[in-house]
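Work through the exercises below with the sequence and coordinates open. Try each task before reading its solution.

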Amino acid sequence: MTFFQLMRRNAWRKPLRATLLMFSVGVAFLIYGLTASFLSGSQGAAGASDRLLGVFNKSGRAQPLPLAYLNRIAADSDVAAVAYMTRMRGFVDVEKNVVMTSAVDPRLIAAANGDELGLTPQLISALEEGRDRVLVGRALAGAQGWSVGQRIGVTSQLMKADGSRDWSFEIAGIFEGADASTDTYFMIARYDAVNAARARAKDTVDGFVVRPRPGVSSGVLAARIDALFANSAAPTRAQSEKQFLEAFLRQFADIGLIVSLVVGAAFVTILMIAVNTMLFAVRERRFEIGVMKVLGFSSGRIMALILGETLFVFAAGGAGGLVLAKLATLFAGPEFGLAFTSSVLLKSVAIIAGLGLLTGLLPAANAMRLPIVNAFRSR
């Protein structure tokens with residue numbers, strides 16, 4: 001019998017106990033996998049850029065900025081590209097079916113943020129072919145069942161010059177986003193068409209997207225942009241995409257802290273249960289451990305055997321929980337923005353290994369220090 005076979009048989013000595021322990025570990029890692037996927041997905045800030053800057057009105061995002069700011073920002077030698085946008089909140093068919101539309105200049109947004117959004121030259125050309133054309137994100141298109149060439153109607157809070165709030169668009173293409181953490185649950189429209197049709201706030205934008213030149217500190221550039229408009233009628237606040245998303249999420253709650261507390265509580269509970277279970281398991285096998293020592297098993301090998309058992313239990317249970325978490329991210333709607341990325345998987349594997357070793361450390365130490373005489377007395 002090999003060392004691994006012995007370890008596995010000891011772990012399955014009492015199948016019900018092992019199954020329940022693996023189930024508990026699996027539930028803990030299911031919780032971790034889902035929460036980590038949320039933070040690393042498009043609704044969290046983990047995948048947001050530290051380099052890309054957003055420039056908004058200091059009084060709040062609901063307040064517009066003059067379009068004329070574009071040239072003054074672009075004149076900075078440390079700015080590689082700058083684009084502007086106006087956000088349109090609306091709904092399709094029913095008020096609960098909310099969609100967001102960003103009205104932009106196609107060429108400028110492609111230069112500033114095209115790589116992250118997956119805006120290819122073909123998509124930009126398709127958008128420019130008609131003033132009523134839009135690009136739809138893959139997540140939004142999947143949720144709504146839309147396809148290229150389809151005409152859709154959006155009822156927006158942005159009123160048109162004729163008094164209507166109904167906007168009609170033709171889908172020119174679907175953008176994919178750079179990876180799973182990219183938010184693609186929105187549409188991209190042409191600013192010139194939206195600006196010409198709207199009733200109020202013409203020639204204003206909700207914000208600017210600024211890409212610094214390589215090697216330029218985004219924080220330094222943000223401070224310089226804010227200083228440029230400090231004494232104007234509409235002062236600005238420039239933040240990185242990551243800073244903005246973190247601040248936005250903190251308006252509702254400290255999501256990161258809540259997730260850490262929930263996951264931490266789950267792992268501490270599992271750790272206590274697993275340590276207690278393994279202590280009982282080792283106590284039940286004191287005579288066998290004594291026999292193994294008589295047969296020549298060193299203290300190090302006995303310790304490795306106990307640690308291997310706990311690692312086996314955590315690996316089996318953790319793998320099951322992570323598989324369920326991955327399936328949940330696949331079957332969840334795109335509006336949840338869950339992304340079970342490779343970084344989530346690697347962190348999960350590290351936690352499984354760490355908890356497995358930590359759980360088995362005390363029982364293994366007890367088994368290693370157990371005198372042979374005391375072990376035989378337990379028979």
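**Exercise 1.** Which residues of α4 are buried? Then find what covers them, and check the span of the helix.

*Solution.* The model is predicted.
- Step 1. The buried residues of α4 are Pro106, Ile109, Ala112, Asn113, Gly114 and Leu117.
- Step 2. Their cover includes the strands β3 (79–91), β4 (98–104), β7 (166–175), β8 (187–190) and β10 (207–212), along with α5 (121–128).
- Step 3. Helix α4 covers residues 106–117, 12 residues in total. A straight helix would reach 16 Å at 1.5 Å a residue, but the end C-alpha atoms here are only 12 Å apart.

**Exercise 2.** Decide whether Ser102 is buried or exposed, and list its contacts beyond four places in sequence.

*Solution.*
- Step 1. Ser102 belongs to strand β4.
- Step 2. Its relative accessible area is 5%. Buried means under 20%, so Ser102 is buried.
- Step 3. Beyond four places in sequence, Ser102 touches Thr86, Arg87, Phe186, Met187, Ile188 and Ala189.

**Exercise 3.** Find the largest nonpolar core and the residues with the most contacts inside it.

*Solution.*
- Step 1. The largest nonpolar core has 41 residues.
- Step 2. Ile73, Val136, Trp146, Phe169, Met187, Phe208 and Val210 have the most contacts inside it.
- Step 3. A second, separate core has 34 residues, among them Leu305, Val313, Phe314 and Phe340.

**Exercise 4.** Describe how α12 packs against α13.

*Solution.*
- Step 1. The axes of α12 (residues 299–331) and α13 (residues 342–369) come within 7 Å. They cross at roughly 145 degrees.
- Step 2. The crossing is right-handed.
- Step 3. The contact residues divide into 19 nonpolar, 7 polar and no charged.

Terms used
Residues numbered from 1 in each chain as written. Predicted model: local features only at pLDDT ≥ 70, side-chain atom pairs only at ≥ 80, totals over all residues. Heavy atoms only, no water. Axes fitted to C-alpha atoms, helices over the stretch in contact; angles between N-to-C directions. Helix = DSSP H or I, 4+ residues; strand = E, 2+ residues; numbered from the N terminus. Left-handed = near helix turned anticlockwise from the far one by under 90°. Nonpolar A, V, L, I, M, F, W, Y, C, P; charged D, E, K, R; others polar. Core = buried A, V, L, I, M, F, W, Y, C linked by side-chain atoms within 4.5 Å. Buried < 20%, exposed > 50% of the residue type's maximum accessible area, 1.4 Å probe, protein only. Expected span 1.5 Å × (residues − 1). Contact = heavy atoms within 4.5 Å.
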